[in-house]
Amino acid sequence: MAKKPFLSDVQAIRKRAREHLDQGAITAGYKADRETVLRVLNEALATEIVCVLRYKRHYYMASGIHAQSVAAEFLAHANEEQAHADQIAQRIVQLGGAPNLSPEGLTSRSHSEYVEGETLVEMLEENLVAERIAIDTYRDIIHYLGNDDPTTRRMIEEILAMEEEHADDIKTLLERVGSKA
Ligand SMILES: [Fe+2]
Ligand SMILES: [Fe+2]
């Protein structure tokens, strides 16, 4: 197998690094379409915020025989979605953008929906739907980014792994609660 050459022109990299210092972490080597990445990240941010709000609502509204453990799970998820929102907002700023935290248009920027649900089972189902929406959205983002922005891609990959855990948690709870409801 032929060896792959490593082609980095150190002189050129040094020269380029001195230009556009105002762009901070964004160097000439940044390959992604920044405007699109920022839009996509702001949609992910809205998705996470809607998930925080829905899980919080469900946390406070969960009642019934199995409610305690389910409510605790809703709260844990709400806090983790908030952490995702914070990570995404931070990355948006790093990329020279501004996190859109405006309540106006939040639900249309978000891919997941805010559905209240009446019963514990309905709440669990809505959360599972939302997690599955997040999973597919994040998989698409990872695919879109490819090797053009590895830092953003890695962040989204980590968040995706957590959404898959969330979906699995909810599925387990749904099986337990659903069978006894
Ligand atoms: Fe999340
Ligand atoms: Fe989640």
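Mentor: Donors here are N, O and S atoms within 2.8 Å of the metal (3.2 Å for Na, K and Ca), and water is not among the atoms, so sites may look incomplete. The model is predicted: local features need pLDDT of at least 70 and side-chain atom pairs pLDDT 80 or more, whereas totals for chains, interfaces and linings use all residues. Residues are numbered from 1 along each chain as written, chains are lettered from A and ligands numbered from 1 in written order, and side-chain values use heavy atoms, without hydrogens or water.

Along the chain, the donors of the iron ion (ligand 2) are spaced E-x49-E-x31-E-x2-H. They are Glu81 (OE), Glu131 (OE), Glu131 (OE), Glu163 (OE) and His166 (ND1), at 2.0 to 2.3 Å. Glu131 belongs to helix 5 and Glu163 to helix 6 (residues 150-180), so this pair ties together parts that are 32 residues apart in sequence; helices are DSSP runs of H or I, at least four residues, numbered from the N terminus. Both residues are buried (under 20% relative accessible area, 1.4 Å probe, protein chains only): Glu131 has a relative accessible area of 0%, and Glu163 one of 1%.

A separation of 3.9 Å divides the two iron ions, and Glu81 coordinates both. Glu48 lies in helix 2 (residues 34-61) and His84 in helix 3 (residues 67-94), so they join parts 36 residues apart in sequence. Glu48 and His84 are both buried.

The axes of helix 3 and helix 5 (residues 120-145) come within 12 Å and cross at roughly 25°; axes are lines fitted to C-alpha atoms over the stretch in contact, with angles from 0 to 180 degrees between N-to-C directions. This makes helix 3 roughly parallel to helix 5, the term for angles under 35 degrees, with roughly antiparallel for those over 145. The contact (heavy atoms within 4.5 Å) includes Glu81 of helix 3 and Glu131 of helix 5. By class it has 8 nonpolar, 2 polar and 2 charged residues, where Ala, Val, Leu, Ile, Met, Phe, Trp, Tyr, Cys and Pro count as nonpolar, Asp, Glu, Lys and Arg as charged, and the others, Gly among them, as polar.

The axes of helix 2 and helix 3 come within 8 Å and cross at roughly 160°, which makes the two roughly antiparallel. Their crossing is left-handed, that is, the near helix is turned anticlockwise from the far one by less than a right angle. The residues of this contact divide into 17 nonpolar, 5 polar and 4 charged.

For helix 2 and helix 5, the axes come within 11 Å and cross at roughly 165°. These helices are therefore roughly antiparallel to each other, and helix 2 passes helix 5 in a left-handed crossing.

Key. Buried < 20%, exposed > 50% of the residue type's maximum accessible area, 1.4 Å probe, protein only. Parallel < 35°, antiparallel > 145°, perpendicular 65-115°, else oblique.
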